[in-house]
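Reader: I am new to reading protein structures. Could you walk me through one, a step at a time?

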Amino acid sequence: MSDNTDIASLIDILQSDLELLNDSLDLDLGGYTMRIRSNHLPLLERLTEYFAHLAHTAANPDIEILAIERDVVDTGLDFIDWAREPGKTGRKDAYFDIPGARVVYKVRTGMVFLQSKTTLIAAGPCVQNDNQVINFINSQYMNWLQNHGWLICHASALVYQGQGFGIAGFSGGGKSTLMLHLLGQSGMSYLTNDRLFINSTADGVLARGIPKLPRVNPGTIVHDPNLFSLISSKDREALLALPVEELWDLEDKYDVYVDKVYGPNRIVNEAPLSAFLLLNWQRGSDAPLAIDRVNLYDRQDLLGTVMKSPGPFYQYPDGAFYQDDEPFNEQAYLDALKDVDIYEVSGGINFHQLSERWLEKLID
């Protein structure tokens, strides 16, 4: 396809002559509303189930997203690979920019996404790759948050007695596993997993999550009784028979429906942020577990656990897109977290012990 490609021609390629259903899914994300439309009822029903914990509104939406179920489409575009973050390997995303729009291609699945200020389309085998459609929907909310002063963090977060706390760690550090261990405790509510947004205000730092359910690997499921129902007992026994290192590294994601697993009304959208746990512990270490309060200005080596790239879908208010070689604004994170209690977790990995000790600290 030539460099003269425009949005109209891309819409024609991605949607073709596939007709949209009259039904739609309207979502209210606390000040930002969106409408999801599709040509495929099972896909729309799947998305409705996934976002069931959100308020649904029929008000005029801020944006409309089309999710087109179809075979993998060849756009003919000369995609450029999106650079992976440190610690990540292999090809994942590729992109092609045209004036006012970006096309993102998922290398492993063939899904294609078109994004502009007025056009948002996900096209390909959407049902098979519904998680990527969900991420695309959430990315639009993430754009809105960042364009309204919120800073993206690579963190999970929970709320206890009205106060939120974040959990971050270097790649593979187990922040989701720890979050779910703690969520099983009475009085805990779920705020977010993997994407946390913070905003420093005159009244303190606020934390917001995105409507993304926790996704866990088998290594987490087999050791957490709350999650046993996600797999069969036979599969659990087979997984437990694997070498510890192999089980830890096994990638096979399962969605955790918080309200079903932990009970109703366990999801909140926003809370004051009072603390951050930074997991700097080590697999295989015999060192005792330690939780030490630190100053991020003195320990900027820990900033890497918190900072997160906005990613290829991030579009600035002026319509320009984020580039993969843009540096992190470290000072923005230091400023946003200056009044938040920061704790470094070091020593050997022990989820049960850390959960107990952190809960004791919260109660005190």
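Predicted model: local features only at pLDDT ≥ 70, side-chain atom pairs only at ≥ 80, totals over all residues.

Reader: Let's begin with a helix. How many residues does H10 have?

Author: Helix H10 runs over residues 351-363. From its first C-alpha to its last it reaches 18 Å, close to the 18 Å expected at 1.5 Å a residue. The number of residues in H10 is 13.

Reader: Where do the buried residues of H10 fall, seen down its axis?

Author: The buried residues of H10 are Phe351, Leu354, Ser355, Trp358 and Leu359. In an α-helix there are 3.6 residues a turn, so residues three or four places apart point the same way. Seen down the axis of H10, the buried residues line one face of the helix, because they fall within an arc of 130 degrees.

Reader: And which residues are exposed on the other side of H10?

Author: A residue counts as exposed when its relative accessible area is over 50%. On the other side of H10, the residues that are exposed are His352, Glu360 and Ile363.

Reader: Which backbone nitrogen does a side-chain oxygen of Asn350 reach?

Author: Look at the start of H10, where this pair is found.

Reader: How much space lies in the second largest pocket?

Author: Start with what surrounds this pocket: 20 residues line it, and Gln146, Trp150, Leu151, Pro310 and Asn329 lie nearest its centre. Strand S9 (151-153), strand S13 (196-201) and helix H9 (330-336) each give two or more residues to the lining. The space in the second largest pocket is about 350 Å³.

Reader: Is Arg102 buried or exposed, and which side chain does its own side chain contact?

Author: Arg102 lies in strand S6, residues 101-106. Its relative accessible area is 1%, which is under the 20% cut-off, so Arg102 is buried. The side chain of Arg102 makes a polar contact, at 2.7 Å, with the side chain of Asp97.

Reader: How far apart in space are Tyr262 and Gln185?

Author: Tyr262 is found in helix H8 (residues 258-262), and it is buried, with a relative accessible area of 10%. In sequence, Tyr262 and Gln185 are 77 residues apart. In space, C-alpha to C-alpha, the distance between Tyr262 and Gln185 is 9.3 Å.

Reader: How far apart in space are Ala122 and Gln146?

Author: Ala122 lies in strand S8 (residues 120-124), where it is buried at a relative accessible area of 1%. Along the sequence, Ala122 and Gln146 are 24 residues apart. From C-alpha to C-alpha, the distance between Ala122 and Gln146 in space is 22 Å.

Reader: Last one: what is the phi of Gln161, and what is the phi of Asp194?

Author: Gln161 lies in the loop between strand S10 (156-160) and strand S11 (163-169), and it is exposed, with a relative accessible area of 64%. Asp194 lies in the loop between strand S12 (188-192) and S13, and at 23% relative accessibility it is partly exposed. Gln161 is not a glycine, yet its phi is positive, at about 50 degrees. Asp194 is not a glycine either, and its positive phi is about 80 degrees.

Note on methods
Residues numbered from 1 in each chain as written. Heavy atoms only, no water. Helix = DSSP H or I, 4+ residues; strand = E, 2+ residues; numbered from the N terminus. Expected span 1.5 Å × (residues − 1). Buried < 20%, exposed > 50% of the residue type's maximum accessible area, 1.4 Å probe, protein only. Arc of directions from axis to C-beta. Polar contact = N/O pair within 3.5 Å; in protein donor to acceptor, adjacent residues only side chain to side chain. 1 Å grid on protein atoms, 1.4 Å probe; cavity = no way out; pocket = protein on both sides within 12 Å on 5 of 7 lines; lining within 4 Å. Points joined across faces, edges and corners; volume = space filled by probe spheres on them.
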